[in-house]
Amino acid sequence: MQIRNGRDFWAGLMFTGFGLGFMLVSLNYPMGSAARMGPAYFPAVLGGLLALLGGGIVLRGYISKFEHPLKVFAFRLPLLIAALVVGGATYFASASLKGAPMVGFALTGLALTLFIGAFGPRSMFLVLVAVMVFGYALKPLGLVLATVLLIVISAFGGHDFRKKEVAILTIALVLFGVLVFVKALGLPFNLWPGG
Amino acid sequence: MEFDLIHNLGIGFGVALSWQNLMYCFFGVLLGTLIGVLPGIGPLATIAMLLPVTFTLPPISALIMLAGIYYGAQYGGSTTAILVNIPGESSSVITCIDGYQMARQGRAGPALAIAALGSFFAGSVATLIIALFAPPLAEVALKFGPAEYFSLMVLGLVGATVLAHGSLVKAIAMTLLGLLLGLIGTDVNSGVARFTFGLAELSDGVGFIIIAMGLFGFAEIILNLERGEGREVFVKKIMNIMPTWKDIKDSSGAVVRGTAIGSVLGILPGGGALLSSFAAYTLEKKIGDTSNFGKGEIRGVAAPESANNAGAQTSFIPMLTLGIPSNVVMALMIGAMMIQGIAPGPQVMTEKPDLFWGLIVSMWIGNLMLGILNLPLIGIWVKLLTVPYRLLYPSILLFCCVGVYSLSNQPFDVMLAALFGILGYVFIKLECEPAPLILGFILGPLMEENLRRAMLLSRGDATVFFTKPISGVLLGMAIVLLLVTLAPAVRKTREVAFQE
């Protein structure tokens, strides 16, 4: 049989995956009884329901009235596998990486970057990487440099990148951020590296 | 009773008229109008961005400001719809049809004026409705036990899924996923850390702002960039703003009908501004002389604009009296209350009357400000519309990132928000509307808690949800609602309604 609606097919798979995932993980916790529900009870039931619904939605993908190609958005399997390998290795090696926090930091960043790159268009990659860089850079580099990185990287995600405009925008937003976030609202960000 | 109302409103005016609260109200409605005017940024992302800032404010000022953003956005949305034929806010989609035609005929001024006047009328009426109906509803809700609360939440979630766009099954699945995501973190009953994978950062659960920012803020930007910048701004000089007597006479009926529809639909779970404006326009198209619709009929502006404002405001009723959000913005408001250490629910009105009545009165004051503000400022809003999106989105990103980061001052939250950004993009591509997920996320822990208590009280007997009268009625309503939606005839019209 042929898949008629790719959106239903993938959405169903996604829901089934989430449902099974939540259900299986919750089986590690005490189940309890109907009268005294343990921490596993509610999520196990919900996860099971979600997995069932997901299965139904997958089936609907085969008989749907609406047609949609199987390829709904860009997806790069090699990048996803790489992300999972790096991420998994970092997660399980986290105990032995305690001595070298920067290595763990870098590996997590790499895994996330690969993961973001596995889905969707170029603009998504640049926007979310910009967000991530900002999050990582704010403490070590300070608000000024983190803002510059955020604006410049995310501006590459747009359709046309105009150097002059981006420069002016960056300066304006750095000034705004320093004055409003730090001076006026008193958020505890350091402005420059190391202070 | 009447004396009570006047007394209560007196408390409210006392709170709302303090210079500080007036200032936050003004700031809220101004910001709301601004983001309402700008397409591509809505009240959701704005409230989510500002939530961390509200930590430092007194609770009432925070709520007044956030509420102002929501109903202010309804005002602003109409300006863009009429002048540029693009909805500044999703609830103004329908206003584009006749509003833009009026603008093309050189009648942008009257269209904007009628939208503002209609909104003001609707806002005033809706404020009065909240003041009249919230107290008795809260009194009923005080009698609710865990079984009743559980059933009420089921009804709320069913309502939200029924009114969600697109496929019903997917909406239910999204609700379930939201409930599950809400359970991440330490279980309050047993102290077990659930679904945290040993990460200490997750032991308090996933922050609500993180999910909202990822699913709505980041995903929205990504989609806008993917679609490309297709916004064309051409604005003629607006000559005369004042509507003629004929305009006012023509539209007054539509304003009243729109207000009535909006007030009712706003209270429904899943309802609010968007649904109200669609329903009001549909009704107007069936009444009286309909030959001019689509060609610049002033009623086609007056009705939906009144309805979306009324709906935006009455959607506060279930939030304030039951502690149950009827739409995503209300879910955010509940998040804001919880951050401030206020448990939302019927006890808010009795324990914190100044907060409750202050908020209600501030809504009326805010509407008054909007009515006065909006017309003279139209020129400035129009200028803002010419700011291209390529300058706008990096600024929005900066606000989002700072908002998320300042939750705990750790990069972890920002990473998580980025991951939810991917998820939000995937959801939209797969036609899964994220709104039911957010409602489920907010209600997840509450539902589990009430389910556990109810089952403990009934010693594991699940029939208690049907045998207790109020609970039974609520669950019955939920089931009927689901069955009605699944009925083939309704299903077809529902599909058509959301296609439009």
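A: A crossing of two helices is right-handed if the near helix is turned clockwise from the far one by less than a right angle, and left-handed if anticlockwise. The crossing of α2(B) and α16(B) is right-handed. This is a predicted model: local features need pLDDT of at least 70, side-chain atom pairs need pLDDT 80 or more, and totals for chains, interfaces and linings use all residues. Residues count from 1 along each chain as its sequence is written, while chains are lettered from A and ligands numbered from 1 in written order.

Start with this pair. Helix α2 of chain B covers residues 19–37, and helix α16 of chain B covers residues 353–385. (Helices are DSSP runs of H or I with at least four residues, strands are runs of E with at least two, and both are numbered from the N terminus.) Their axes lie 8 Å apart and meet at an angle of about 45 degrees. (Axes are lines fitted to C-alpha atoms, for helices over the stretch in contact; angles run from 0 to 180 degrees between N-to-C directions.) That angle makes α2(B) oblique to α16(B). (Under 35 degrees is roughly parallel, over 145 roughly antiparallel, 65 to 115 roughly perpendicular, and the rest oblique.)

Now the residues. On the α2(B) side, the contact is made by B:N21, B:C25, B:F26, B:G28, B:V29, B:T33 and B:V37. (Ala, Val, Leu, Ile, Met, Phe, Trp, Tyr, Cys and Pro are nonpolar; Asp, Glu, Lys and Arg are charged; the others, Gly among them, are polar.)

Helix α9 (residues 208–227) of chain B packs with helix α18 (residues 411–429) of chain B. Their axes come within 7 Å and cross at roughly 55 degrees. So α9(B) and α18(B) are oblique to each other. The crossing of α9(B) past α18(B) is right-handed. From α9(B), the residues in contact include B:I210, B:M213, B:G214, B:F216, B:F218 and B:I222. From α18(B), they include B:D413, B:L416, B:F420, B:G421, B:Y425 and B:I428. This contact of α9(B) with α18(B) has 17 nonpolar, three polar and one charged residues.

Two loops lead towards this second pair. B:F195 sits in the loop between β2 (193–194) and α9 of chain B. Its phi is near 55 degrees, a positive value in a residue other than glycine. B:F195 has 20 other C-beta atoms within 10 Å, so B:F195 is buried. (Buried takes 20 or more other C-beta atoms within 10 Å, exposed 12 or fewer, partly exposed anything between; C-beta atoms are placed from the backbone.) B:N409 lies in the loop between α17 (389–408) and α18 of chain B. B:N409 is not a glycine, yet its phi is positive, about 55 degrees. Its 12 C-beta neighbours inside 10 Å mean that B:N409 counts as exposed.

One more residue of chain B, this time in a helix. B:E449 belongs to helix α19 (residues 435–457) of chain B. B:E449 has 17 other C-beta atoms within 10 Å and is partly exposed. B:E449 and B:E139 are 310 residues apart in sequence but 22 Å apart in space, C-alpha to C-alpha.

Step back to the whole of chain B. Chain B has 22 helices and two strands. Its C-alpha atoms fill a box of roughly 70 × 55 × 50 Å along the principal axes. Of its 500 residues, 60% are buried. Take the contacts in chain B between residues at least 6 apart in sequence: 80% of them join residues at least 24 apart.

Chain A holds seven helices and zero strands. Its C-alpha trace spans about 55 × 45 × 35 Å along the principal axes. Of the 195 residues of chain A, 35% count as buried.

Finally, the interface. Here 63 residues of chain A are in contact with 53 residues of chain B. Among the helices of chain A that each supply at least two residues to this side are α1 (6–26), α2 (41–63) and α5 (122–141). α5(A) gives the most, with 11 residues. The side of chain A that touches chain B divides into 44 nonpolar, 15 polar and four charged residues.

Key: Contact = placed C-beta atoms within 7 Å.
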